[in-house]
Amino acid sequence: MARIIFDNVTKYYGNVKAVDKLNLEIQDKEFLVLLGPSGCGKTTTLNMIAGLEELTEGDIYFDDQVVNFMPPHQRDIAMVFQSYALYPHKSVYDNIAFGLKMRKYKSEEIDQRVRAAAESLEITHLLDRRPNQLSGGQRQRVALGRAMVRQPAVFLMDEPLSNLDATLRISMRAKIKEMHQSMETTFVYVTHDQAEALTLADRIVVMEQGIVQQIGTPDEIYERPRNMFVASFLGNPPINMIQGALVGNGDQITFTAGAVNFTIPPDYSTKLSGMDGRKVVLGLRPEDVDDHRALVEGETIQGQVNFVMPVGSDQYLSMRVNDKEVFFRVGKEISHKNGENVSLAINVNRLHIFDQTSKESLLWGL
Amino acid sequence: MKTLIFNSDSEKYRSKPKLTVLTRKVGLFIASAILMIYVLGPVGWLLSSSFQTEAEIVSVPPHWIPHEPTLKNFKAIFFQEFEEVTYENRSRVDTSAGGYIPTTAKYLLPSMWNSFIISIAVVILNLLVGVPAAYAMAKIRFWGRQASIYTILTTRVIPDIALVVPFFLVIKNLGLLDSLSSLIITYLAVTIPFTVFILVGYFESLPDELDKAARVDGCSRFQALTKVFLPLSVPSLVAVILFTFLTSWNEFLLALMFTQTISSQTLPIIVAGFTSDFTISFSFINAAGVIAIIPPVILAIFFERYIVSGLTAGAVKG
């Protein structure tokens, strides 16, 4: 049972600001993912929850208790590390049991818990081995087991899957999701992998340079990014950004950039009213084209195909629009040739519009 | 199957050249044999001559295997069977016939005990001070951390001889001259920087996440050190134990300065003193040498399997 609250938390390393005025409330039993590029402060934030890093300013609460300088061993937390950090001199059994031994559990209780955890992670046959006799995936399971036997109030994970190969990563992702459901504790998970964040999280916190960019459910983050950083950090291939301007024409607002002209749907144009002539960046996700729809003036993008990348289920088109490269995902039925001029119908209801200078969204702002 | 066409040079590289294999093996054998003789020769002579009489020791060519082995030298050490040589009787006996045992022979075993106490104390105190210091420097980020590591390293480049006078003044003012503690204190000053240096290097090579994992698992800093780091550092600890023991066991200069009587004199001082007696009995000195190398040899045999990995552990950190 733990709700974690960051109240204006700032962390400096020397003169470098790692985390800047973080305000965050993590709900009990929530699966919260801290997402961002390396060096964005997400691991520092996690370490502050664990008590492994001291904060410089502000307060951290576990429920209603301030824990700013409570040492890690007094907090009811467990942590899984990217490098697993198994104790090389201990057997798998002792690795898993160590946290319980340190907390003076009875040996029957320890034995029962270790075996239960091993069973649920399917590593019972490995209990007598040393970590160096295990594969990467097995080590990862031991690391998870070591954290889960403790049945902590808060479960912290620092990029736990990034050292695994692709297939294993997907199956372990499912395992972690399953653990969260069965353990019913608060999970805080750090990753730079958007796919992990989107699949696992109840809520995602996107961070950049120590500053929270957006907090929201995976859908909110993906569908309504608050600024250009969030929009471009999620999505694969990344969102296309086209620089242009808004042109008002009575009730109707149009986005224009060279040969590109999009009519902004009425729902959005109310938000954009009075912004005639404003320099903006238009965001268009690669999947928001529809090659089955009829081409309509104001909902079409034209360009020359650079190359085609088949990805099994569909294909990516690299196109040259306004002398910039953009990517679109289209179905496999139509074959496109390099150098061919193509017109694609776009879904104007899914456009994103950002201010060119502030880089904030004009549609989903605060 | 298609015949592969190859040029005439191919045959030359098809198999390992036989002659070079043989030459290399023979060469390596000869080289290692020479090295072995070079290293073990003096030790062999020490051992052999300690069982010889003074007359046999000077025979030409030398007897590597004693023709008339004798335990006289060892008896003198353990049972104080020696004839005191005085100014009056010095010319009565032919010195070349042997039989002279230095007057200070009776001090050999007490001085060995002194050396042993000092060495053990230095080893234990080194570990007590050096291990926590190295852990703190390697794993705790504190203000002045780099500076303290460099300071400790710098103290190692100062030769001992430069420290003798300052050390002497300190020891004298503390009133510790001619006591075992004077040597323990000064040997610690010399060995602790090395201990910290070796262990910092080793602890730094262990991942930080191991430290974090231990602390999240419920260890305090001290428990993380004792329960996770120490079991993993056995090779480095063995290197430290051996180094500090041998340094203390062999040290001569400081011991010469600070000790005056057998209550604190160490083995190297007493053995060196044998050469300044009225007569010099080389066979006896060699017997003393044999006794002197026994404790280090026992220590080395005991820790043998850790020595090599320990000495490289600090050096090859990634």
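**Entry 1. B:Asn286**

I started with the contacts of B:Asn286, setting aside neighbours within four places in sequence. The partners are B:Leu46, B:Ser49, B:Ser50 and B:Ile57. I note here that this is a predicted model. B:Asn286 itself sits in helix α14 of chain B, which covers residues 282-313. Is B:Asn286 buried or exposed? Its relative accessible area is 15%. The cut-off for buried is under 20%, so B:Asn286 counts as buried.

**Entry 2. Chain B as a whole**

I then stepped back to the whole of chain B. I counted 14 helices and zero strands. Reading along the sequence, I wrote down α-α-α-α-α-α-α-α-α-α-α-α-α-α. Of the 318 residues in chain B, 41% are buried.

**Entry 3. A helix pair in chain B**

Helix α7 runs over residues 160-173, and helix α8 over residues 180-205. At what angle do they pack? The angle is about 140 degrees, and the axes are 11 Å apart. That value makes α7(B) oblique to α8(B). I listed the residues that make the contact. From α7(B) they are B:Asp160, B:Phe167 and B:Ile171. From α8(B) they are B:Ser182, B:Thr186, B:Ala189 and B:Val190. I checked the handedness too: the crossing of α7(B) and α8(B) is right-handed.

**Entry 4. Chain A as a whole**

Next I turned to chain A. Its secondary structure comes to nine helices and 20 strands. The C-alpha trace spans about 75 × 45 × 35 Å along its principal axes. Of the 366 residues of chain A, 53% count as buried. Chain A exposes about 16,400 Å², with 46% of it from carbon and sulfur atoms. For contacts between residues at least 6 apart in sequence, I found that 65% join residues at least 24 apart.

**Entry 5. A:Gln140**

I wanted one helix residue in chain A and took A:Gln140. It lies in helix α4 of chain A, residues 136-148.

**Entry 6. A five-stranded sheet in chain A**

I traced an open sheet of five strands in chain A. The order is β13-β12-β11-β14-β20, and the pairing is antiparallel. Which strands sit at the edges? They are β13 (260-263) and β20 (352-355) of chain A, each of which pairs on one side only. Neighbouring strands of this sheet are turned by 35 degrees against each other on average, direction ignored.

Strand β11 of chain A spans residues 240-249, and strand β14 of chain A spans residues 279-284. Six bridges join these antiparallel strands. A:Ile242 stands opposite A:Leu282 in β14(A).

**Entry 7**

Last, I followed strand β17 of chain A, residues 315-321. Six of its seven residues are buried, so I logged the strand as mostly covered under the 20% cut-off.

I took the β16(A) side to begin with. Strand β16 covers residues 300-310 and pairs with β17(A) in the antiparallel sense over six bridges. The bridge partner of A:Gln304 is A:Arg320 in β17(A). The hairpin of β16(A) and β17(A) has four residues between the strands. There, A:Gly312 takes a positive phi near 85 degrees.

Then I took the β18(A) side. How many bridges join β17(A) to β18(A)? There are seven, again in the antiparallel sense, with β18 covering residues 324-330. A:Tyr316 has A:Arg329 in β18(A) as its bridge partner. The hairpin of β17(A) and β18(A) has two residues between the strands. A:Asn322 in the turn has a positive phi of about 55 degrees.

Conventions: Residues numbered from 1 in each chain as written. Chains lettered and ligands numbered in written order. Predicted model: local features only at pLDDT ≥ 70, side-chain atom pairs only at ≥ 80, totals over all residues. Heavy atoms only, no water. Pairing = 2+ DSSP bridges. Axes fitted to C-alpha atoms, helices over the stretch in contact; angles between N-to-C directions. Buried < 20%, exposed > 50% of the residue type's maximum accessible area, 1.4 Å probe, protein only. Parallel < 35°, antiparallel > 145°, perpendicular 65-115°, else oblique. Left-handed = near helix turned anticlockwise from the far one by under 90°. Contact = heavy atoms within 4.5 Å. Areas by Shrake-Rupley, 256 points an atom, 1.4 Å probe, with all protein chains shown as cover.
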